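Please walk through this structure chain by chain, and then across its interfaces.

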Amino acid sequence: MKVIERETLIGKRIPKLDAPEKASGKTRYIDDIDVPGQLWGKILRSTRVHARIKRIDVSKARRLPGVHVVITAADVPDQHPIGVNKDHPALKGDKVRCIRDEIAAVAADSAAIADEAVRLIEVEYEDLPVVVDPEASLAAGAPVINEKHADNVAMRFDYAHGDVVQGEAESDVVIEDSFKLHYVTHCCMGVSGVIAEFDASGNLLLHSNTQVPFLHKREFADLLGMDPGRIRIVQPPIGGGFGSKLDIYPFEIIAVYLARAAQRPVKLVYTRAEEFLASPTRQPVILKLRSGCRKDGTLTFRSVETLHDNGAYTSWGATTPFVMMQTFSSLYRVPHCKYHTTVAYTNNPYAGSFRGYGNLQATFAVDSHMDKLAEAIGMDPLAFRLKNAQAPGEVTGQGMVFRSCGFRDCLTTAAERSGFLAQHIRNRAAQRAPGAVKRGVGMASMLHVGGGAKIYPSDGCGTILKIDDFAHVTLMTGASEIGQGSETVLAQLVCEELGLPMSAVTVVNNDTDITPWDVGVHASRTTFIAGNSAIGAARIAKAKILGAAAKKTGIAESELDLVGGFVVRAATGEAIVELAKLLRGLHFSDKAELVMTSYYYEPPSVHQDKGFKGDVSAAYAWATQVVEVEVDCDTGIVKMTKVTGAHDVGRVINRLGIEGQIEGGVVMGQGYALTENLLIEDGRVRNPSFRDYKLVTAPEIPEMDLAFIETMDGEGPQGAKGVGEAPAICIAAATANAIYNATGVRIYELPFTPEKVYRALKGVAPQVAWRTRTEPHASS
Amino acid sequence: MSLAVEIEFRLNGVVRRATVPVDMSALVMLRDVLGLTGTKYGCGEGECGACTVLVDGASVNSCLMFAVDCDGREVTTIEGLAGDARAERLRRAFAEFGAVQCGFCTPGMVIQASRILAQHPHPDRATIQRGLEGNLCRCTGYKKIIDAVEAAAEPG
Amino acid sequence: MTALERYAAPRALGEALELLRDGDVTIVAGGTDVMPQSHSGKVTFGRTLLNVRRIPELAAIELEGDTVRIGALTTITALLESVLVRERLPILAEAADHFASEQVRNGATVGGNICNASPAGDMLVPLIVLDATVELAAKPNGSVETRSMPLQAFLTGPGRTRRAAHELLTAVRVPLPPRGFVSRFYKYGTRPALDIAAILIGLGGVQRDGRMESVRVVFGAVAPTPIRGAATERALEGRPLDAATIEAAAEAAHDEVRPISDVRASAWYRQEMVRNMTRRLLADVARG
């Protein structure tokens, strides 16, 4: 009797499926792909921030040898505006409203010729008054930036639960502060690019790095007046996403227009400077937070007002309030909450979606206040947080149901592993000691959706699965791989169900003609939703296989299992028949059956009502991070020495993958807190290069100690919840608290660059004033 | 029309001839003229390291080098490390230790890491970090890349 | 599109100098400055692109009596790896260690860094501390002629030097520092390297009986060229290096620099850093 050992894949360190290919340089990203007959596209962008276009002369460009087509808005009279407010035409004809604005585009025989042609296009502008301050744009008499919104308001959001007036009346301590969150940008290592080609029948094939291929398909169909069935999107391996590719942007549409006009495929790839200039940023926010608590430590209320700079056109940045509300209403237990956002048009570049989607900004304010409130009532920062941290089963004022909830465990674990309290006390005592370098420790927590987010009509994902005669599985999933390791996790979940090794699975996830629908890679949803979808398809396959095995052997289906490539007796592991052999037997028989299954998983979450209330996700996730810093008071340089993180992830599926996500997110948070700053002055980007936009480099990373709290979510695949955005979210808040612990100085504005910290320490920093323009720094 | 120059050099062990515009970078020559796409364009100004190649055994940013300056020299790209034992240990370690996510920075990292190990057979983590200071990564936070390079050091 | 008509990569100095005599020449060695500057428009190519990287006379680091001759083609890596430099001119090795990244160090040359004449040029500050002179060669009338001048005099403004169009920088010479010479280098930044400095400080002097003599203080990134801190030097020269002297020197440093505000730092902050870091370097010297 042959016995097959059961070996689970869950929780193991599984190398990424495409790592060997990537490490050999064989992977072909969008810029590595050329299609036969392609032309190279290049965009002419505005040189003015706000101006009427009086004249565009493309004649010299058109005459340059090697140029096939030059297009302007006049050549695409059928174009209609894109974006959530439908306020954004791809090619601007009458007016430019920000420094990104696309005025013309060229398709030519080479990139060099396209570049030269763009330089030959002449544009005559008539300058209009420039508005770069959202407050100024809301003032009476301000120039109208986008004609659809004469009051310069792109959106408004209002939310409330409870009654903040009552909450304030019940408070023993009330504090109020203004916070200013800055522009940062994704800096994916691979720049943006697209290839558009029409086939002989007029069907469109788009080689696109979009994170939302199925939504993209529908958008393009609308834009081009085409049947969506005739648009196919193929996704090459991506050089980073982080939310930068969740919206439709002009460059892709322009590439399609060029391909249509030239009757040739067109490849359009950004330069790095163009990437800095034209890729959407994180949403900058000015916010005022008023918080209260009782002297016994219970939170009473939060009242929030924010002003969002929409920029010239509306993209996903304007919708970050959806997420920010959740933090203000539900991160820690708050009985009364009021939230307001006004999103104002300006002539600045617009913001899009970026890992965390407003949560970094909101958490910065919330967790700065948690420390301030704790200090005001003489409670230590950990005890204050524990008092207000929710437990499993709680429902928040916004209607979020916390089924699995490891919040308290996150707090205590991170505190214990870092020795937080002892350090905090020691550092505080040492503030006045001699020596320029001060140590600080700070804590912050985050709450984010971990089971999708039901903001579209469906938050689902489809899977098609087939198993061939050799027990090789092809998993066709709608969920894209953006470098986060989804393809490996999905393969792992399927292999676990079917008792197969990782080598037995091929994942297909990058062709809208092949894979079923998925709403897209966002909201940290992929492991949860695509995972459940894959497991669903695998379970149907398993049932079919075991049913066939039962029929063949006479052993009851319930007594069989799939382990190690065999059908086995579940209780003993005794091998009954090799899976591949069974499958061949099924195939080459009178009944001739193949194992092909499909499953669409829709999470049991609900859409929010008009008041933004509802259980919008199937699960929620928490993390607490403790950040240790050294502040050099002679320079203001803050060194992040260690981060201790405790993450409620439901269940660890791929230990290697989840560690990588968290480590990467921590360092992204480090950049947001300390070094990254896209300097936009008078509507222009002052530092569009890595030379002056500082990403964290290898020697600067902190020591990282990660702990996973496995709360085994009932709905999650193998109990897992989403974690993609979590690790970046509360680093800045913890760092603010750490700097305060080290120096006694609290800073309300990011990033904590050396000059900003030094000014704060010297008491010469400008106050962050609510609704008053702060003085422009040459740097900070 | 830009002046074209004929050069001859050893590329990945094989002597090649190429005619290149005099102002073309080595990076653009490798990718667009010679079809080797493993070396990546990340920034074009020597800040990110995605374009790192070996020239006469030393690592350089190919985006900063003039293609014509390859004449008479020995150039190795990521493709040329296919048979290299040290690079093979690195590739395995990168996969085993989770040092690859989107993978765009990975070829540059492997090339640079091969040079770190060539100069320091058993480097400590600080040496590895300094060695990688010119290679940017946005996905991994560098920790697993450092783990992988440490693990790929010579046995013994 | 460029006006380039000719490319040359001579293997002999004489040939290079003859090409330079024709005028309208862009010189390139490693390319680490010329290449990005040609993209940004800061450099437009002349009629000839002259690649000097293959001229053997320009690559060596040699001891000539009590002078170290560093060939213009010496890469920053070669500087860092030279035992002679590490042992006798440690301030140069320290600056080289904070230069960009290994990939850039392998391509960038000392001559290139000097002729690029950036106000924040990493190697310029320590070279001036060491009282470097530059050697220029030309072939105006059939034979090679050379002339020398102090590096500080050679640099006249951002990107500007006293090199005539037909001249080539061939070497930089540094006298071996005397016994008892101490030196310190500071490059401001949050990273070990890969930063364009907001400020640079170099100091050197002979330490004797707790006093500093023949003091040289150089500041970078606070003026169009690296500058000597004359007032700071006066505050130090011949005085015991105690807390009072250090404080006075630091204040003098703060007061005598007139930096600009730019995307990297404000003028006020630069001045603060000059004071604080001068103080820190001097305290480090005092500790021994």
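What follows moves from whole chains to single elements and then to the contacts between chains.

This is a predicted model, in which local features need pLDDT of at least 70, side-chain atom pairs count only at pLDDT 80 or more, and totals for chains, interfaces and linings use all residues. Residues are numbered from 1 along each chain as its sequence is written, while chains are lettered from A and ligands numbered from 1 in the order in which they are written.

Start with chain A. It has 20 helices and 28 strands. Helices (H or I, at least four residues) and strands (E, at least two) are DSSP runs, numbered from the N terminus. The radius of gyration of chain A is 27 Å, close to the 28 Å that the globule rule gives for 780 residues, so chain A is as compact as a globular protein of that length. That radius is taken over C-alpha atoms, and the globule rule is 2.2 Å times the number of residues to the power 0.38. Along the principal axes, the C-alpha atoms of chain A fill a box of roughly 85 × 75 × 50 Å. Of the 780 residues in chain A, 62% are buried. A residue is buried if 20 or more other C-beta atoms lie within 10 Å of its own, exposed if 12 or fewer, and partly exposed in between, with C-beta atoms placed from the backbone. Take the contacts in chain A between residues at least 6 apart in sequence: 79% of them join residues at least 24 apart. Two residues are in contact if their C-beta atoms, placed from the backbone, lie within 7 Å.

Now look at one helix of chain A, H14(A), residues 486-498. At 1.5 Å a residue, its 13 residues should span 18 Å, and the end C-alpha atoms are 18 Å apart, which agrees. The expected span is 1.5 Å times one less than the number of residues. Of the 13 residues of H14(A), 12 are buried, so the helix is largely enclosed by the rest of the structure. Among the buried residues are Ser486(A), Glu487(A), Leu490(A), Cys495(A) and Leu498(A). What covers them? The cover of the buried residues includes strands E18 (473-477), E19 (505-508) and E20 (560-563) of chain A, together with helices H15 (526-553) and H17 (655-675) of chain A. Just after H14(A), Gly499(A) takes a positive phi of about 60 degrees.

Chain C comes next. It has 12 helices and 14 strands. With 288 residues, a compact globule would have a radius of gyration near 19 Å; chain C has 19 Å, which agrees. Its C-alpha atoms fill a box of roughly 60 × 45 × 30 Å, taken along the principal axes. In chain C, 54% of the 288 residues count as buried. Among its contacts between residues at least 6 apart in sequence, 64% join residues at least 24 apart.

Within chain C lies an open sheet of five strands, in the order E4-E5-E10-E6-E7, with antiparallel pairing. Strands E4 (61-64) and E7 (145-150) of chain C stand at the edges, each with a single partner strand, so one side of each is left without a neighbour in the sheet. The twist averages 25 degrees from one strand to the next. Axes are lines fitted to C-alpha atoms, for helices over the stretch in contact, and angles run from 0 to 180 degrees between N-to-C directions. Two strands pair if DSSP finds at least two bridges between them. E5 (residues 67-71) and E10 (residues 168-175) of chain C pair in the antiparallel sense over five bridges. Thr67(C) stands opposite Pro175(C) in E10(C).

Chain C also meets chain B. Here 28 residues of chain C are in contact with 25 residues of chain B. Helix H2 (34-40), strand E3 (48-51) and helix H6 (102-107) of chain C each supply at least two residues of the chain C side. The largest share, five residues, comes from H6(C). The chain C side divides into 14 nonpolar, 10 polar and four charged residues.

Finish on Leu64(B), in the loop between strand E4 (58-61) and strand E5 (74-76) of chain B. Leu64(B) counts as buried because it has 25 C-beta neighbours inside 10 Å. Not counting residues up to four places away in sequence, Leu64(B) touches Gly46(B), Gly31(C), Thr32(C), Met35(C), Pro36(C) and Gly107(C). Leu64(B) and Gly44(B) are 20 residues apart in sequence and 7.2 Å apart in space, C-alpha to C-alpha.

Key: Ala, Val, Leu, Ile, Met, Phe, Trp, Tyr, Cys and Pro count as nonpolar, Asp, Glu, Lys and Arg as charged, and the others, Gly among them, as polar.
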